[in-house]
Amino acid sequence: MAGNSSRTWTAGPPRPSMCPDGSAEPDAATAGSPAATARLLAGVLADVLRVEHVSADSHFFDDLGADSMVMAQFCARVRKRADLPSVSMKDVYRHSTVETLAAALTGPEAMASASAATGAATAGTGLATGVSTPTVPATPLSMPHQPSVRAFGPVPATNAAQTSHGAAARAGTRQYVLCGLLQLLFFLGYCYLAASAATRGYAWIGDGSALADRYLRSVLAGGAGFIGLCTVPIVAKWTLIGRFTPRQFPVWSLTYLRWWIVKTLIRTSPVRLFTASPLFVLYLRALGAKIGRDVAIFSTHIPVCTDLLTIGDGAVIRKDSLFSCHRAHAGLIQTGPVTLGKDVVVGEQTVLDIHTSMGDASQLGHASSLYAGQAVPAGERWHGSPAEPTGTDFRSTHAADCSATRKIRYALGQLLALLLVYLPLATGGAALLAAAVPPLKAPLDAGAWPHAGPVLCLGALATSFTLFFGAALAGLALQGVLPRLLDRAIKPDTVYPLYGFHYGLQRAIALLTNRKFFTTIFGDSSAIVHYLRYLGYHLCHVTQTGSNFGTELKHDSPFLTSVGSNTMVADGLSVINADFSNTSFRLCRASIGARSFLGNRIAYPAQARTGDNCLLATKVMVPIDGEIREGVGLLGSPPFTIPRTVMRDARLNHLAGGSELRHRLVRKNRHNAVTAVLYLLARWFHVFVVTLLTLGAGSLYPSLGASAIALSMVGGLVFSVCYFTLIERAATGFAAQRPLTCSIYEPSFWRHERFWKMAAVDHAQMFSGTPFKNVVLRLQGARIGKRVFDDGSFFPERTLVTIGDDCTLNAGTVVQCHSQEDGAFKSDRTTIGADCTLGVGAFVHYGVALADHVDLACDSFLMKGEHVPSQARWGGNPARQLPDNTLRPPVSLTGRI
């Protein structure tokens, strides 16, 4: 394996001269030379691989049989040695032998880059007054590309250990408990007010004498409720907050409580239904955002600190982008501006941190991010995380005529459809159902719980069964018919104006065919292939693996999505069939090559330049220019090539063919079928109990009034948390999950798939930003420390996660303790130390250990096996240590919002 090299180094005992960490110190004459560095690196790698020697030109993956987990351990050990330069996983993939890695780390270019970074970090302090065009220095091997410090403005501190006022402002346990109690009181009061309004509206609708009268009353009551739900957040924002300004304040404080109330009301507003509509832009303006003309926003993530959002004329923000104008860091909420100039393009799955800006006609590619203080100059195109200049053009469709009259017609059509169709069905449907089904009407008329109990249960049983399974079958039938009829009117590769007939058809197709309920049922099983074909996917000559697609998958059009044979896709794939500008759109075919594997959280555009036999790693930025990539792996944002498969992963594919595969696949299909049935029964029973609680509240309404309805709402939430926690823990045999390495054709992996499907995480997200989120996670098996602030994180394997005291987890953060690549599955524990901050949209893989006081920047991908030392600042995709050259304000920003 390593004997083909003329230079071989052996891992021997340490030399007498030692560095502070106990490692050998090289001679002064050879310290820092490529040969000396290579010798030391070979010794470290031999120790990690547990072999006697490592050759200078042996390939880490092809010859030595290492994988990313092993090389992450190698990087961690190198970083602990004072006599070696820091090494990142990106360096390892780019320079995959000891000899080339040592040369890259000690060559003239690396030294010049380090000097440039040091000079930027020690630049003068008179640079915070403006933003100028950044220079592009040589990129250090172990650091992300950094613009000139002139592109950075005064941003809040990014490391609590370096900012004394930030640490002093942290709230204590008393404030933590008090804030939780006040949030609970707010929730109870909101439930009571909502119940009072709902019961009054329901009673008024029921007083109608005829069907037409009841319909008219349903329209008026539903319209009043909709207007109220949209108006309350606006009134609350201007009353409790006024105008947002750049500030920071501790979580769990009374200031935070006011901010949380406004955030909760904004995020629960039904205006989310009008995403990608002119009405959505009008609503943001009512909340204080400064938005120009002809702006199109397709992201469903509603910004909170809207006064700090400025968007110029003609800008477009594509789907799944995060631009909240706030973030949580080291126990503080930090607010800051996000400024987008005229004709700006923001790609899919991007993150815009606070204190970021984009000049006129600039572009930010998909799967990219701007770190706090970064500014894209006018006319430039940037991509990556953190973003850096590029020549790629992300404006993929030209403009079309989109007049104000067209926008008004489209907005009025949406409002009329909502007021005249959807709301009457929702508000009047319950009354009609109760009148049509005698078992439902009897307990409501009786008003006596003990005598109506059996009838009530029977009514709830019949109603829940009919609603749940009837809606599932009707929805499945509708998915196979109506979208196909609508698609006949839309031609591929044709530019249509927004807010017209064809745009409405496209939105309807996307809405009807992206139903999470069905992908959860059929995903992670052989049935998903048949379901996707039923939707319209082009899956030619598919080789069944039993795990061709995961449970999370979405698209703009299923009829223009092609996937090659023997390709496997993990959770989180977003197929981008639609190209949007601020005035137009077009649909294009997106094709995924054969014999490929796609990791988690990937945005796959129609212009993707990938072919057959590709590995697309988690959160990779799929390239849309250059040559067609085939037979390679792609990692990072911007992407770079890595090995398609390594020896250690290939060893787990021994069941991927022959009669044994067919036998295992039959067994897996049976196991998955049982899992799907259990999933349906578990969800139906949940609907049954919630229906029973609702009918019980109706039976008690004559004596308790609106309080009965409010209690049923609270009781339904408590039951949901306890019930799904019980279901989830039962799926693992009421035991904590253990690290696992196996083939996808082994029963241990099938049980893990059942756990994914039975677990419900949506109800836990309702508690984000409150102390109750920690309670729910502890019930689910996660080890959560004291006073952890969770603004919307997600842990697929709760029992494998450990979170230290006073950690700060931002919205969109994922701590995923597993990975699947082709037929190999691996899982391991991940530990987050005390007082760590995980930025917005950060992704932490399995086998990771973060020491105390670590700061992980937004949109970062921390790869499996990484060990991050205390007080470190990491960021990027893949994540690596960041230079500490961000300017910080000389005074505290703590104060009123």
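Which residues have the most contacts inside the largest nonpolar core? Some notes from going through the model, starting with that one.

1. **Ground rules.** This is a predicted model, where local features need pLDDT of at least 70, side-chain atom pairs count only at pLDDT 80 or more, and totals for chains, interfaces and linings use all residues. Residues are numbered from 1 along each chain as its sequence is written, and side-chain values use heavy atoms, with hydrogens and water left out.

2. **The main core.** Tyr256, Trp259, Ile297, Ile311 and Leu340 have the most contacts inside the largest nonpolar core, which has 59 residues. A core here is a set of buried Ala, Val, Leu, Ile, Met, Phe, Trp, Tyr and Cys residues joined through side-chain atoms within 4.5 Å. Buried means under 20% relative accessible area, exposed over 50%, and partly exposed in between (1.4 Å probe, protein chains only). At least two residues each come from α7 (173-206), α8 (211-241), α9 (254-267), α10 (278-286), β6 (309-311), β10 (338-340) and α11 (404-436). The top contributor is α9, with eight residues. Helices (H or I, at least four residues) and strands (E, at least two) are DSSP runs, numbered from the N terminus.

3. Leaving out residues up to four places away in sequence, Tyr256 touches Cys179, Gln183, Phe249, Pro250, Val251, Ile333, Gly769 and Phe789; contact means heavy atoms within 4.5 Å.

4. **The parallel sheet.** Five strands make an open sheet in the order β4-β6-β10-β13-β16, with parallel pairing. Its edges are β4 (290-291) and β16 (375-376), each pairing on one side only. Two strands count as paired if DSSP finds at least two bridges between them. Between β6 and β10 there are three bridges, and Thr310 sits opposite Thr339 in β10.

5. **The β8-β9 hairpin.** Strands β8 (residues 326-329) and β9 (residues 332-335) pair in the antiparallel sense over four bridges, with Arg327 partnered by Gln334 in β9. Two residues separate the strands, and Ala330 in the turn has a positive phi of about 50°. In a regular strand the side chains alternate between the two faces of the sheet. In β8, His326 and Ala328 point one way, Arg327 and His329 the other, and all are buried.

6. Most residues other than glycine have a negative phi, and most peptide bonds are trans. Cys325 has a positive phi of about 65°; this residue lies in the loop between β7 (316-317) and β8 and is buried at 1% relative accessible area. His355, with a positive phi of about 60°, is in the loop between β12 (351-352) and β13 (356-358). A cis peptide bond joins Ser637 and Pro638, with omega about 0°, and Pro638 lies in the loop between β31 (633-635) and β32 (640-642). The bond from Asn877 to Pro878 is also cis, with omega near 0°; Pro878 is in the loop between β48 (873-875) and β49 (880-881).
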